[in-house]
Amino acid sequence: MQQSFVRAPIIAVIVFNVCALLVRAYLQIELVARGHDANLAKDLSYLVVPPILALLLVPVFRRNRRALYACLDGHGLTLRLLFSAIGIGLLARAAYWCQLVFTVATGITTNSDPAAIEGPLFWFACPPVQEFELALVVWILLIPFVEEIIHRGLIQSTLMPSGHWTAVILSALIFTAFHAPSSMPIAFLLGIVLAIQFAGSGTLWAPIITHAVYDGLIQLDWRCMRGVWNPSPDDTPLIQPAVWSLCGLVVTVAGIAFLLSKTGARVAPRYRAD
């Protein structure tokens with residue numbers, strides 16, 4: 001079968017994505033103003049994003065339906081690729097925690113509040129079950145699927161004829177632009193990983209699964225785990241935690257690189273866009 005790539009109007013896709021997220025932001029503000037919890041409002045408001053994008057992108061989906069079906073073909077998801085995608089998601093979240101421990105232990109990340117408890121002190125306190133279930137649906141099912149369709153399925157695929165690395169980097173930069181400034185460095189690195197997965201495997205299921213695992217772990221440690229660790233500047237650097245966390249970071253990054261190398265070096269053939 002002759003290879004071809006999705007042909008989507010990238011600027012229009014970005015504009016439509018911005019529009020959907022602006023509607024979400026408006027609803028989120030309204031829900032908070034009406035007394036809803038901020039996290040619940042954030043999750044509930046995202047439910048409008050998929051239908052808005054589906055409506056706005058109907059012409060794009062119709063034109064590229066066969067190419068997108070090929071990217072979502074379940075036959076491309078082998079058992080090996082499934083476990084690799086899960087492993088990359090787990091290692092990526094572990095790498096995040098390793099870098100966080102390292103930056104705190106070395107004094108790079110600090111708390112300016114003089115009354116802050118030094119710790120370390122950690123405990124678990126999950127939100128109500130229904131709220132947590134909604135968060136898991138949004139962050140494990142909806143967000144990974146929608147974002148991978150947009151950023152890898154449409155944007156990266158359209159950029160592929162310009163070169164694989166060009167497509168990987170540019171799609172990761174666009175993906176990063178849709179995140180909060182504080183999370184942009186992590187979002188860019190994760191975007192690179194997800195883009196390499198898609199370029200190497202030819203299936204969107206690889207980055208979708210990795211994205212879902214990573215976001216699912218965020219919900220567990222963000223919503224359920226509470227922690228305090230603010231070492232005094234006079235006590236930093238803390239050599240032992242810094243060394244162990246740096247070793248952990250090296251190991252997790254090496255593990256991600258190894259698993260990425262197993263996703264395949266060739267992009268699977270795609271159907272021609274209609």
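In the predicted model, residue I169 is located in helix α8, which covers residues 164–177. Its relative accessible area is 38%, so I169 is classed as partly exposed. Together with W165, L170 and L173, residue I169 forms a nonpolar patch on the surface, and the four residues have about 400 Å² of accessible area together.

Helix α8 also contains T176. In contrast to the partly exposed I169, T176 counts as buried because its relative accessibility is 8%, below the limit of 20% that defines a buried residue. Beyond residues up to four places away in sequence, T176 touches M184, A187 and F188. With F188 there is also a polar approach: a polar atom of the T176 side chain lies 3.3 Å from the backbone nitrogen of F188.

Helix α8 is in turn one of the elements against which the buried residues of helix α1 pack; the others are α2 (38–46), α3 (49–56) and α7 (129–159). The buried residues of α1 are I10, V13, N17, A20, R24 and L31. An α-helix has 3.6 residues a turn, so residues three or four places apart point the same way.

After α1 comes G35, which has a positive phi, near 100°.

Methods. Residues are numbered from 1 along each chain as its sequence is written. This is a predicted model: local features need pLDDT of at least 70, side-chain atom pairs count only at pLDDT 80 or more; totals for chains, interfaces and linings use all residues. Side-chain values use heavy atoms; hydrogens and water are left out. Patches are made of residues with over 30% relative accessible area and no salt bridge: like charges are joined within 9 Å, nonpolar side chains (Val, Leu, Ile, Met, Phe, Trp, Tyr) within 5 Å. Accessible areas come from the Shrake-Rupley method with a 1.4 Å probe; for residues, only the protein chains shown count as cover. A salt bridge is a side-chain nitrogen of Lys or Arg within 4 Å of a carboxyl oxygen of Asp or Glu. Helices (H or I, at least four residues) and strands (E, at least two) are DSSP runs, numbered from the N terminus. Buried means under 20% relative accessible area, exposed over 50%, partly exposed in between (1.4 Å probe, protein chains only). A polar contact is a pair of N or O atoms within 3.5 Å; within protein, one must be able to donate a hydrogen and the other to accept it, and residues adjacent in sequence count only if both atoms are side-chain atoms. Contact means heavy atoms within 4.5 Å.
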